[in-house]
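This briefing concerns the chain shown below.

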Amino acid sequence: MPGVAACAVAGAWVALGYGLLFSPDNAQVWGDLEAGGRFAATIFVYLPYYVTTLPVAVVFVHGRWGDPDLLWPLAATTGGIGLFA
């Protein structure tokens, strides 16, 4: 069962990344951000996504092919993704 949860977490992360990277640009939405447009979007949206991609990948590999008794990394990453999303 941990393998299925790891695949679900990785699939959700890939879908989130696809939406972030390949969605059309909207300068009006960037202008509405308090910190100042594209810079604010980069700091508050894209940077956290890129920073947390490596831990998600590690948890995916561990959950898919690792020891099924160690579910806390998978649960912690799933909670973190939920908070980020």
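**Ile43 and the overall picture**

Ile43 is located in helix H3. The structure is a predicted model, and within it Ile43 has a relative accessible area of 32%, so this residue is partly exposed. The chain contains four helices and zero strands.

**Fold and burial**

- Along the sequence, the order of elements reads α-α-α-α.
- Of the 85 residues in the chain, 25% are buried.
- When contacts between residues at least 6 apart in sequence are considered, 71% of them link residues at least 24 apart.
- The chain has an accessible surface of about 5,800 Å², and carbon and sulfur atoms account for 71% of that surface.

**Nonpolar core**

- In soluble globular proteins, nonpolar side chains tend to be buried together.
- The largest nonpolar core in this model consists of seven residues: Val9, Trp13, Leu20, Tyr46, Tyr49, Val56 and Ile81.
- At least two residues of this core come from helix H1 (2–22), and at least two come from helix H3 (38–65).
- Trp13, a member of the core, has a relative accessible area of 4% and is therefore buried, the cut-off being under 20%.
- Tyr49, also a member of the core, is buried because its relative accessibility is 8%.

**Aromatic pairs**

- A pair of aromatic rings is described by the distance of the centres and the angle of the planes.
- The model holds three aromatic pairs.
- In the pair formed by Trp13 and Tyr49, the ring centres are 4.8 Å apart and the planes meet at 15°; this pair is therefore stacked, as planes under 30 degrees apart count as such.
- Because Trp13 belongs to helix H1 and Tyr49 to helix H3, their pair ties together parts of the chain that are 36 residues apart in sequence.
- Tyr49 also pairs with Tyr50 in an edge-to-face arrangement, with 5.8 Å from centre to centre and 65° between the planes.
- Tyr50 has a relative accessibility of 46% and so counts as partly exposed, whereas Tyr49 is buried.
- One aromatic cluster is formed by Trp13, Tyr49 and Tyr50.

**Surface**

- Which residues form a nonpolar patch on the surface? The patch is made up of Phe39, Ile43, Phe44, Val45, Leu47 and Val51, which together have about 570 Å² of accessible area.
- Is Trp72 buried or exposed? Trp72 counts as exposed because its relative accessibility is 62%, and the cut-off for exposed is over 50%.

- Trp72 is part of helix H4, which comprises residues 72–84.
- Between Trp72 and Val59, which are 13 residues apart along the chain, the C-alpha separation is 9.8 Å.
- Ala12 is part of helix H1 and, with a relative accessibility of 43%, counts as partly exposed.
- The C-alpha atoms of Ala12 and Ile81 are separated by 8.8 Å, while the two residues are 69 apart along the chain.

Conventions: Residues numbered from 1 in each chain as written. Predicted model: local features only at pLDDT ≥ 70, side-chain atom pairs only at ≥ 80, totals over all residues. Heavy atoms only, no water. Core = buried A, V, L, I, M, F, W, Y, C linked by side-chain atoms within 4.5 Å. Buried < 20%, exposed > 50% of the residue type's maximum accessible area, 1.4 Å probe, protein only. Phe/Tyr/Trp six-rings, centres within 6.5 Å; stacked < 30°, edge-to-face > 60°. Contact = heavy atoms within 4.5 Å. Areas by Shrake-Rupley, 256 points an atom, 1.4 Å probe, with all protein chains shown as cover. Patch = residues over 30% accessible without salt bridge, like charges linked within 9 Å, V, L, I, M, F, W, Y side chains within 5 Å. Salt bridge = Lys/Arg side-chain N within 4 Å of Asp/Glu carboxyl O.
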